[in-house]
Amino acid sequence: MKSLKELSLRIKNIRSVQKTTKIMQMVSAAKLLHSQKKLSNSKLYISKLHNIVSSLIISADQELLAKILNIGNDNYYLVFIIASDRGLCGNFNSSIIKSSQEYVNKLITNGKRIDIIFLGKKAFDIGKSRFDSRSILKIENSKGITLKHVEALVNNIDLSKYDKVKVFYNKFYNTFTQKPTLETIKPWSKDSSLVDSSLITPTANDSYEYEPQNTKFILRSLIQDYVISALYSALLESAASENSARMVAMESANRNTKEMLNKLALLYNRSRQAAITTDLIEVIGGAESL
């Protein structure tokens, strides 16, 4: 049995850990609320933009669309893997690496060329030994990234050489549910996990006037904007999921520390009572021997 001093020190250390986990839980809850607001605004924008691109594509020439959207080509892939820069958020990072690893390995087996960009240093730390280092193009922080950062990142990449651009991210559903999701942001697709159809008000005739009257130029510009907005939305989804996962993980850790403290307090009281009883027995035994 451990000494009273050892038990007392352990109780003190666990109480210190409990304070830390409680603070981290509260901070994550505040960050979650902030990231949810940003995600809500982003969803509205990406949904409206998706609707505009859809209406333009319906009226565009099919041969022109095939050239702009790279329809039919399927050889060269760019894969973004979005996770966090820090840990202490359950299986948030490991789940996204596991699902992306399975997908990338399948593509390589089928003879596809792959370039990978990690957005989140924790994702890179976990995934660097699981992917071919020659495929890793860039590693960027995911914390505090803004739309301007995403725009600069995308503009510095020659997207025209890639047939498909994919994004792995944790989609935020609610506080307790976040799921690894694969989204295609090039070529443009009429179905998107980033779009909320309930935010788009359906109208009988969606008609837009464009200047200049150059469908090719407008489509290319809109699709470039869509790629940037879609990647930024995926980052916001991931940020909300990360804060939620960390809040739940810290809540669980806080609950576990309470259970440990109760058990240690019981053990400490028993040990203390046993020590008092032993001392009493020794005193009484000594008195009787006199």
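This is a predicted model: local features need pLDDT of at least 70, side-chain atom pairs count only at pLDDT 80 or more; totals for chains, interfaces and linings use all residues.

User: How many aromatic pairs does the rule give?

Analyst: The count is four aromatic pairs.

User: Why is the pair of Phe118 and Phe124 called edge-to-face?

Analyst: Set the values against the cut-offs. The ring centres of Phe118 and Phe124 are 5.7 Å apart, and the limit for a pair is 6.5 Å. The planes stand at 70°. Edge-to-face asks for over 60 degrees, so the pair is edge-to-face.

User: What makes Phe118 and Phe131 an aromatic pair, and of which kind?

Analyst: Their centres are 5.9 Å apart, and a pair needs centres within 6.5 Å. The angle between the planes is 65°, and over 60 counts as edge-to-face. The pair of Phe118 and Phe131 is therefore edge-to-face.

User: Which parts of the chain does that pair tie together?

Analyst: Phe118 sits in strand E2, residues 113–119. Phe131 belongs to the loop between helix H4 (121–127) and strand E3 (136–140). The pair therefore ties together parts that are 13 residues apart in sequence. Phe118, Phe124 and Phe131 form one aromatic cluster.

User: Why is Phe118 called buried?

Analyst: Its relative accessible area is 0%. Buried means under 20%, so Phe118 qualifies. Phe131 is buried too.

User: How do E2 and E3 pair, and what do they make with H4?

Analyst: E2 and E3 pair in the parallel sense, over four bridges. Ile116 has Ile136 in E3 as its bridge partner. Together, E2, H4 and E3 make a right-handed β-α-β unit.

User: What makes Lys179 count as sitting over the ring of Tyr173?

Analyst: The charged end of Lys179 is 5.7 Å from the ring centre of Tyr173. The distance limit is 6 Å. Lys171 also lies over the face of Tyr173, at 5.9 Å from the ring centre.

User: Is Val79 buried or exposed, and how do you know?

Analyst: Val79 has 0% relative accessibility. The limit for buried is under 20%, so Val79 counts as buried. Val79 lies in strand E1, residues 76–82. Beyond its neighbours within four places in sequence, Val79 is in contact with Ile114, Asp115, Ile116, Ile117, Lys166 and Phe168. Val79 and Leu231 are 152 residues apart in sequence, and their C-alpha atoms are 11 Å apart in space.

User: Why is Lys112 called partly exposed?

Analyst: Its relative accessibility is 21%. Buried ends under 20%, and exposed begins over 50%. The value falls in between, so Lys112 counts as partly exposed. Lys112 is found in the loop between helix H3 (92–109) and E2.

User: What does the side chain of Lys112 reach, and at what distance?

Analyst: The side chain reaches the backbone oxygen of Asp74 at 2.8 Å. A polar contact needs N or O atoms within 3.5 Å. Leaving aside neighbours within four places in sequence, the contacts of Lys112 are Asp74, Asn75, Tyr77 and Leu107. The C-alpha atoms of Lys112 and Ser42 are separated by 32 Å.

User: How do you know whether Arg246 is buried or exposed?

Analyst: Arg246 has 2% relative accessibility. Under 20% is buried, so Arg246 counts as buried. Arg246 lies in helix H6, residues 215–289. A polar atom of its side chain lies 2.8 Å from the backbone oxygen of Gly87. Among its contacts beyond four places in sequence are Met24, Ser28 and Leu88.

User: Which peptide bond is cis?

Analyst: The bond from Lys186 to Pro187 is cis, with omega near -5°. Most peptide bonds are trans. Pro187 is found in the loop between strand E5 (177–186) and H6.

Key:
Residues are numbered from 1 along each chain as its sequence is written. Side-chain values use heavy atoms; hydrogens and water are left out. Rings of Phe, Tyr and Trp (its six-membered ring) pair if their centres lie within 6.5 Å; planes under 30 degrees apart count as stacked, over 60 as edge-to-face and the rest as tilted. Buried means under 20% relative accessible area, exposed over 50%, partly exposed in between (1.4 Å probe, protein chains only). Helices (H or I, at least four residues) and strands (E, at least two) are DSSP runs, numbered from the N terminus. A charge sits over a ring if NZ of Lys or CZ of Arg is within 6 Å of the ring centre and within 35 degrees of the ring normal. Contact means heavy atoms within 4.5 Å. Two strands pair if DSSP finds at least two bridges between them. A crossover is right-handed if, with the strands pointing away from the viewer, the path from the first strand over the helix to the second runs clockwise. A polar contact is a pair of N or O atoms within 3.5 Å; within protein, one must be able to donate a hydrogen and the other to accept it, and residues adjacent in sequence count only if both atoms are side-chain atoms.
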